[in-house]
Amino acid sequence: MLSIKLNVIVNKDRKLEIQLPEEVLEGEHELVLVIDKPANKQKKSLNDFVGKVNWPVDGMEYQNQIRSEWK
């Protein structure tokens with residue numbers, strides 16, 4: 001058995017043409033097609049994370065403290 005995984009784009013006409021690799025011999029075969037639902041990939045902005053981290057000190061105070069250690 002040969003397993004092939006492809007990412008494809010389905011157009012409005014719902015037709016799909018694939019080129020099989022040379023390992024697939026000519027003749028009758030059984031083909032199983034599994035279609036996953038597309039994942040809801042909503043792009044996030046860095047602004048979505050603003051204020052989400054509970055930081056125990058003031059950010060500017062912490063930056064200044066760290067920078068003073070560099071001197």
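In this predicted model, the secondary structure of the protein chain amounts to one helix and zero strands. That element, helix 1, covers residues 59-70, and leucine 2 lies in the segment before it.

With the secondary structure in mind, the overall dimensions can be considered. The radius of gyration of the protein chain is 26 Å, whereas a compact globule of 71 residues would have a value near 11 Å. Taken along the principal axes, the box that the C-alpha atoms of the protein chain fill comes to roughly 75 × 30 × 15 Å.

The surface can be described next.

Is leucine 2 exposed, partly exposed or buried? Leucine 2 counts as partly exposed because its relative accessibility is 46%, a value that falls between the limit of under 20% for buried and that of over 50% for exposed. Which residues does leucine 2 touch, once its neighbours within four places in sequence are left aside? Leucine 2 is then in contact with Pro21, Glu23 and Val24. Aspartate 48, by comparison, stands 46 residues from leucine 2 along the chain, and the C-alpha atoms of these two residues are separated by 43 Å.

Notes
Residues are numbered from 1 along each chain as its sequence is written. This is a predicted model: local features need pLDDT of at least 70, side-chain atom pairs count only at pLDDT 80 or more; totals for chains, interfaces and linings use all residues. Side-chain values use heavy atoms; hydrogens and water are left out. Helices (H or I, at least four residues) and strands (E, at least two) are DSSP runs, numbered from the N terminus. The radius of gyration is taken over C-alpha atoms; the globule rule is 2.2 Å times the number of residues to the power 0.38. Buried means under 20% relative accessible area, exposed over 50%, partly exposed in between (1.4 Å probe, protein chains only). Contact means heavy atoms within 4.5 Å.
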